[in-house]
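Thanks for sending this one over. Here are my notes, in the order I would go through them with you.

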Amino acid sequence: MSVNRCLRLFSRLQRHVNPRAARIVAGSCPASPGSVLLHKQHRASSVGGCRHASSSSSSTPKPPDTSLFVPVSLKADVSVDGSVGAELTQPLDKDELLKVLNRFYKKKEMQKLAADHGLDARLFHQAFISFRKYVLEMNSLAADLHIILSDICCGAGHIDDLYPYFMRHAKQIFPMLDCMDDLRKISDLRVPANWYPEARAIERKVIFHAGPTNSGKTYHAIQRYLAAKSGVYCGPLKLLAHEIFEKSNTAGVPCDLVTGEERTFVDLEGRASDHVACTIEMCSVTTPYEVAVIDEIQMIRDPARGWAWTRALLGLCAEEIHVCGEPAAIDFIRELMYTTGEEVEVRTYQRLTPFSILDQAVESLDNLRPGDCIVCFSKNDIYSISRQIEARGQQCAVIYGSLPPGTKLSQAKKFNDPDDPCKILVATDAIGMGLNLSIKRIIFNSLVKPNVNEKGEKQMETISTSQALQIAGRAGRFSSKFKEGEVTTMHRDDLPVLKEILSHSVDPIETAGLHPTAEQIEMFAYHLPDATLSNLIDIFVSLSQVDGMYFVCNIDDFKFLADMIQHIPLNLRSRYVFCTAPINKKQPFVCTSFLKFARQFSRDEPLTFDWVCRHVSWPLAPPKNIKDLVHLEAVHDVLDLYLWLSYRFMDMFPDTGLVREIQRELDDIIQQGVRNITRLIRATDATITEPPQTQSNRRGQAASGRNSGSNNLTGGRGQRGSGQMMDSSLASRLVRDGLLTPDLLQQLQREWSKDQKQDFPNRSAFDTEHQNNSNKGKRKKKKK
């Protein structure tokens, strides 16, 4: 090494390594080792940050959840200083180093000082483990760190002198420590009204149409929408948006349809109409309208989708905002609009037709009447009840959430048609909104349903008053042939519980949902470039600040998709869009398709119609059992996913028209399956109820049971016979659930019979001999 280079390096080290300047006193920590100037800058920025925080909120920010901080792996690069530290001092003894580092770790003052700079006990421990590994395993350390360690080992330095270097390493593996103030500012969600400057720039009039179901509240809002020069309808379901789309165009008001998976323009040249009906997530907050209608405003508190109602209410650029929903939301909407300086006019409505709670439960399916709707909260109950209804010679329609919209409308039309023999409806709570049904009596088969709480945990809960009223209100609708509705339960024990639920008032709405935007996550990623999207969203929620009127919506589905495609190379914006796709994560085929879509997209290979057909094995046959039907529903969801992505990435999903065409064909196939599936189940049950072989076995078991009372081979045969009866019941359930076909059942019966003969080839002779001996014994007893 040249003398000049040594002198320059020694001079630099003197500036960086001054034992007195580097000595750490409680409450003083340079931002980088030994740099007084940077220390002052750090203090200034801290003061500025504190001043900003105090100006925006008097409360101190909540501490972050440091369990979400994932340490960054550092590359074991050779130090740029080479072995200069060792040349200027001496090589370091690893055993002595370990003692020094452990003394540093055990000092309470160091732990407290680190905590003041963002390293709680968890992060301090992780940072120390990484720092110790770095010091002990690196072939050559940075010259300044090497000299400090050498001085401490020799007694010329203080253990506290390690702190700046420890913090430098900690900030390298936890980069969020250096930008915590910026991250807090980005995730500050306390004034969401300011996110929409276009809406704040105009004077809006908010009108709340409050009333129960079947009160005409939405009708009056829609009348104002149709009379306006321009308007937007925002609904929670595709079915509702489609209904307003058709109603508007029928009334001579040109209206477009916009949902996540569909864009329909009435203008042949594709020009946008002045009116649009959309699902609420798809509404534009930059397009000016005269009138906007926000339906089902009470869903603003929904744990998963509430953010969409908050965004629409605060962000729509309309002169009049017509809000429709439950009276329980009035006070909260008033309070929310107070933050924007907008007054709320309330118009209340009463139910147009009465409904009453009956004093008697149905108790038996034999007591069903035309116009009855049995409400279940699981598809298995729907299949079981519909099978039992048709076994009694009645036809029934079936509606549940995972059915395609076209199939739901088809089943609703079948039930509503007075000339159709179908007079009974079996449905889930999917009938609560979006379908016009001619129901006389609502029958709750159960009052308990699976629910997902704000933490994303699934649990069984008794339905709320709001949910019960929403479903019960479908009975005796104003537009139906029944002018009065009735509500009851299937089981006697549930009826007093239902009366108790409906006697309560609906819980008032107290909070509205929020969700981080793509722009906010991109700003987070700028500061934390090595974090995964799932980890970014976790840290965002951990640091986010919301006032008492808001909550951050559940992000489990988003994180589930983010983790699924984390290994696929995508830019952050595309990854974010993929993770906001509305898919059913309970369907393995849908999840697999989502993964394949993302992988194909990452290769920059367009997903063509032929590719999609190969993936879903198109064309598809009508379902032969329930399992087939469930798969067809999953394929329909996959095609929905393709269409949803096609409007975000048009070049990569180019064959929208062809995919929509086969989706319509698939909808027809599913409709056919829903019409026939209960007949197939009933026919299957008829074939397995009493098969000839089972009947003969039972007669043999009965005879052997009468002729033998001992625990011998005949007794064992009786036990096997009992198992066979149980298997018959199990077979019935398997066929009913679509897990077993009649052909497979017959094959299993043949194999079972064959196995019995192989296991006991001389069984019949043994039974005959045993029976004769038994009869002789009886005759001897009679002689005595």
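Is N214 buried or exposed?

1. N214 is buried, since its relative accessible area is 8%, and buried means under 20%. You will find N214 in the loop that runs between β1 (205-210) and α12 (217-227). Do look at its backbone too: phi of N214 is near 60°, which is a positive value in a residue other than glycine.

2. A word on confidence before going further. This is a predicted model, and the protein has an average pLDDT of 80, with 75% of the residues scoring at least 70. Over residues 1-58, pLDDT stays under 50, and the model has 49 contacts beyond four places in sequence for them. Residues 776-784 also stay under 50, and for these the model has two contacts beyond four places in sequence. Where pLDDT is low, the predicted coordinates should not be read in detail.

3. Next, a pair of helices. The axes of α22 (residues 556-564) and α24 (residues 588-602) come within 10 Å, crossing at roughly 55°. The two helices are therefore oblique to each other. As for handedness, α22 passes α24 in a right-handed crossing.

4. Which residues bring α22 and α24 together? From α22 come F560, L561 and M564, and they meet C591, F594 and L595 of α24. Sorted by class, this contact has six nonpolar residues, with no polar and no charged ones.

5. The loop between α25 (609-616) and α26 (626-646) is worth a visit, as P619 is found there. A cis peptide bond joins W618 and P619, with omega at about 5°. S617 is found in the loop between α25 and α26 as well. The phi value of S617 is near 60°, again positive in a residue other than glycine.

6. Finally, another asparagine: where does N535 sit, and what does it touch? N535 is found in helix α21, which covers residues 533-543. Leaving aside residues up to four places away in sequence, N535 touches L68 and V70. N535 has a relative accessible area of 10%, so it counts as buried.

Key. Residues are numbered from 1 along each chain as its sequence is written. This is a predicted model: local features need pLDDT of at least 70, side-chain atom pairs count only at pLDDT 80 or more; totals for chains, interfaces and linings use all residues. Side-chain values use heavy atoms; hydrogens and water are left out. pLDDT is the predictor's confidence in each residue, from 0 to 100. Contact means heavy atoms within 4.5 Å. Axes are lines fitted to C-alpha atoms, for helices over the stretch in contact, and angles run from 0 to 180 degrees between N-to-C directions. Helices (H or I, at least four residues) and strands (E, at least two) are DSSP runs, numbered from the N terminus. Angles under 35 degrees count as roughly parallel, over 145 as roughly antiparallel, 65 to 115 as roughly perpendicular and the rest as oblique. A crossing is left-handed if the near helix is turned anticlockwise from the far one by less than a right angle, and right-handed if clockwise. Ala, Val, Leu, Ile, Met, Phe, Trp, Tyr, Cys and Pro count as nonpolar, Asp, Glu, Lys and Arg as charged, and the others, Gly among them, as polar. Buried means under 20% relative accessible area, exposed over 50%, partly exposed in between (1.4 Å probe, protein chains only).
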